[in-house]
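Have the model open and follow along.

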Amino acid sequence: MTSSTVAKSKTASPAEKAPAADESSLRLETPRYRKQRSRPIWLTLPLRISVPAIVVAIWWIGSATGWIGEEILAGPPAVWDAFVELYETGQLVDFTLASLQRAVLGVALGVGIGLVLGVLAGLYTLGEELIDATMQINRAIPFLALVPLFIAWFGIDETFKVLLIAVATVSPMYAYSYLGVRNVDRKMIEAAQSFGLKGPRLIFGVIIPAALPGILMALRICLSISITGLIAAEQVGTREGIGYLVSLAQEYNRTDYMVLCVVLYAILGLIFDAFVRILERYSMPWRQGVSIR
C-alpha cells in the first residue's frame, strides 16, 4: 500500500465509508390505522336485540294475563292482526312510503341549508356576523309554533309538510356544523396551507373531513327530529301517511292501530340510524368501535 493510498483512506468521509443504503428503506409508505377487532355477529346481534325483546315479552305477558287491558294498550297479537289487515289492503305500504318520502325530502332540504350556513359561519368572520344571530333566533323558536303560520302561507299540501320538517332540522345541522368547523385544529390548517392548499381544496380536503364527526352527529339528530316534524305535519290535511293513520286510530279508538303506528315510527328511526352508521363506517373508518372493549 502506497503512502497516497493511506492518505486517501485517512481522509475518506464517513458517508464514503458507510455502505450504500437500500433504496427500498428510503421509500415512504402510506400509514395504516390500527383497526380494532369487532365482535362476531353471532354475539353482537343477540346483545342488540336483547333489551327490545325483553320489553316485548313483558308487553306480551301483560296483555295475555290481563294486567294490561286491551282498551289501554293492545297486545302484540292484535297489533299483528292490524298489520296484516293494512298490508293486505295495500294501505300500509302506501302510507309508509308517503311518510318516508316526506321525511327524506324535508331532511335533505334542512340538512343541506344548515350545513352550508354552518360551514360559512364557522369559516369566515363575515359569515358568522351575518348568519349566526338569525340562526340562534330560529333555534329558539319551537318549530311546532310555526304550524299555523305555515298553513296560512303554504296551505296544507306537500309543500307545508316538507318545509316544516326542513325548518325542524336546519338548526341542529347548523349548530353542529358550525362547532365542528370551529373546533378543527388550527395547526392542521396551517400545515395544509404550507403545502399549498387553499380555497376549495383546503375546505373540502381538510376542514370538512376534520369536522365530519360533528356533521354526522348532527345528521343523526336531524333524522330523529324529522320524525317529530313528520307527526305534526301529517296531522293536517293528509289522506295518506302514518300520521293520517294515527288520526284514524284516534277517531275510531283503535289502540291496535295506534301501537302499530308507534312501531312504524320506531322502524323508520332504525332505518335512519342504520343509514348514519353506514356513512360513519365508510367515511370515518378510523373511528370504528368504542374506546374500551
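In this predicted model, helix α5 (residues 91–123) packs against helix α6 (residues 125–140) at an angle of about 130 degrees, and their axes are 6 Å apart. That makes α5 oblique to α6. The crossing of α5 past α6 is left-handed. On the α5 side, the contact uses Leu117, Leu120, Ala121 and Leu123, and these meet Thr125, Gly127, Glu128, Ile131 and Met135 in α6. Sorted by class, the residues of that contact come out as 6 nonpolar, 2 polar and 1 charged.

Next up is α5 with helix α11 (residues 212–233), where the angle is about 135 degrees and the axes are 10 Å apart. α5 and α11 are therefore oblique to each other. Here α5 makes a right-handed crossing with α11. From α5 come Ser99, Arg102, Ala103, Val107, Val111 and Leu115, while α11 brings Ile215, Leu219, Cys222, Leu223, Ser226 and Leu230. The contact of α5 with α11 splits into 9 nonpolar, 2 polar and 1 charged.

Then there's α4 against α5: the angle is about 85 degrees, with axes 5 Å apart. Angles of 65 to 115 degrees count as roughly perpendicular, and α4 and α5 are therefore roughly perpendicular to each other. α4 puts in Phe83, Leu86, Tyr87 and Thr89, and α5 answers with Gln91, Leu92 and Val93. The classes in the contact of α4 with α5 are 5 nonpolar, 2 polar and no charged residues.

| Helix pair | Angle | Axes apart |
|---|---|---|
| α5 and α6 | about 130 degrees | 6 Å |
| α5 and α11 | about 135 degrees | 10 Å |
| α4 and α5 | about 85 degrees | 5 Å |

Now for the pocket. How much space lies in the second largest pocket? About 320 Å³. Its lining is made of 13 residues, and Val56, Trp59, Pro76, Val79 and Val263 are the ones nearest the centre of this second largest pocket.

Which helices supply the lining of the second largest pocket with at least two residues each? They are α3 (41–65), α4 (76–89) and α13 (255–283). The largest share, 5 residues, comes from α13.

Definitions and conventions:
Residues are numbered from 1 along each chain as its sequence is written. This is a predicted model: local features need pLDDT of at least 70, side-chain atom pairs count only at pLDDT 80 or more; totals for chains, interfaces and linings use all residues. Side-chain values use heavy atoms; hydrogens and water are left out. Axes are lines fitted to C-alpha atoms, for helices over the stretch in contact, and angles run from 0 to 180 degrees between N-to-C directions. Helices (H or I, at least four residues) and strands (E, at least two) are DSSP runs, numbered from the N terminus. Angles under 35 degrees count as roughly parallel, over 145 as roughly antiparallel, 65 to 115 as roughly perpendicular and the rest as oblique. A crossing is left-handed if the near helix is turned anticlockwise from the far one by less than a right angle, and right-handed if clockwise. Contact means heavy atoms within 4.5 Å. Ala, Val, Leu, Ile, Met, Phe, Trp, Tyr, Cys and Pro count as nonpolar, Asp, Glu, Lys and Arg as charged, and the others, Gly among them, as polar. On a 1 Å grid over the protein atoms alone, a cavity is a set of points where a 1.4 Å probe fits but cannot get out, and a pocket is an open set with protein on both sides within 12 Å along at least five of seven lines; lining residues have an atom within 4 Å of a point. Grid points are joined across faces, edges and corners, and a volume is the space filled by probe spheres set on the points.
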